[in-house]
Amino acid sequence: NSIWVSTDHDEIEKVAKQFGAQVHRRSPEVSQDSSTSLEAIREFLNHHHEVDIVGNIQATSPCLHPSDLIKVADLIQKEGFDSVFSVVRRHQFRWSEVKKGENKMTEPQNLNPAKRYRRQDWPGELYENGSFYFAKRHLIEKGYLQGGKMAYYEMRAEHSVDIDIDIDWPIAEQRVLSFGYFGKEPLKEVKLLVCSIDGCLTNGRIYVTEDQKEMVSYDYRDIVGIDLLKKRGIEVRLISERDCSKTLSAMKLGCIAKVSATNKLQVLEDWKKGMGLSWKEVAYLGNEESDVECLKKAGMSGVPADACAVTQKAAGYICKSNGGCGAVREFAEHIFLLLEKVNSARKQ
């Protein structure tokens, strides 16, 4: 019935409200590093007596789909369960742990080594995946997220992604592009990438010689990225607020460019209209405040790692590379992953 973000952080509150969520301000007592989700939920319920059922959705599980949540809510509201939690089926053989210094052997936990079967012939076991926990109010008030008449909800393995440590991030990014939920509107192929020149294609620095000639530097990897995009049939166009036509001529990129652009959004809209595209088919890479509205409109948006804070908030993807240091190539590969998602959806 309502979506809330529980936080003690001003910036998280701002972003949550921007995307339509309501905000519960956590107290310092339940905002410690050692605080649990259950403690935060119980505090929330103390301030919201109208709530009868809580669905605790974990932010570390980015492949969750609405259809799963609807089915789980029905289990509680229509079938009378007190709590429902998410699980995933694993096909992993377990062995007992032998601690260093102990004089004993390991023992099989869920298999017979003498009759070892193939994993694909074994139904496997159910494990909590931490994606969500639904429970009625009376259980949570007693200190439980699981209890009473319980049921598990088995999620598909490809949707079961849990981010715990740094190395989980690249795996999660790949999974989201392949199996994530992108809304009811079908995905579209990116057909136009518009890239801000200063701070994206270059590092934003301008070198001036003694005879007052300007020089900039760029990364060859970004040039390769532009070439790869073109080979995939994606139009690449460049934009800049300053007149850098001589620089572009020297780089020989073969891209349509608009320099001295006082209104980047208008330029972007004119290009989109001229090519007969929807916003879903447009990607934009920017790094300055003048790029914010373009980033918000584009179906796919990105910024270099060193972009200003306001553009990072507006972008859908933040590169690990700085401007002029491979950000264009990185964003190109991000677009290629989306294209794989589109092709996969078509095959299905």
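Student: What does Thr202 touch, not counting residues up to four places away in sequence?
Tutor: In this predicted model, Thr202 touches Ile197, Val216, Ser217, Gly323 and Gly324 once residues up to four places away in sequence are set aside.

Student: And where is Thr202 found?
Tutor: Thr202 sits in the loop between α6 and β8, the latter covering residues 207-208.

Student: Ok, is Thr202 buried or exposed?
Tutor: Thr202 has a relative accessible area of 2%, and because buried means under 20%, Thr202 counts as buried.

Student: Switching topic: which residues touch the most other members in the largest nonpolar core?
Tutor: That core has 32 residues, and those touching the most other members are Leu201, Leu229, Leu238, Leu253, Phe331 and Ile335. The elements giving two or more residues to this core are β7, α6, α7, β10, α8, β12 and α12, and the largest share, 9 residues, comes from α12.

Student: What is Ile335 in contact with, leaving aside neighbours within four places in sequence?
Tutor: With those neighbours left aside, Ile335 is in contact with Val190, Leu193 and Leu229, and also with Ile234, Ala283 and Met300.

Student: Which residues does the second, separate core include?
Tutor: The second core, which is separate and has 20 residues, includes Val194, Trp271, Cys294 and Leu295.

How values were computed
Residues numbered from 1 in each chain as written. Predicted model: local features only at pLDDT ≥ 70, side-chain atom pairs only at ≥ 80, totals over all residues. Heavy atoms only, no water. Core = buried A, V, L, I, M, F, W, Y, C linked by side-chain atoms within 4.5 Å. Buried < 20%, exposed > 50% of the residue type's maximum accessible area, 1.4 Å probe, protein only. Helix = DSSP H or I, 4+ residues; strand = E, 2+ residues; numbered from the N terminus. Contact = heavy atoms within 4.5 Å.
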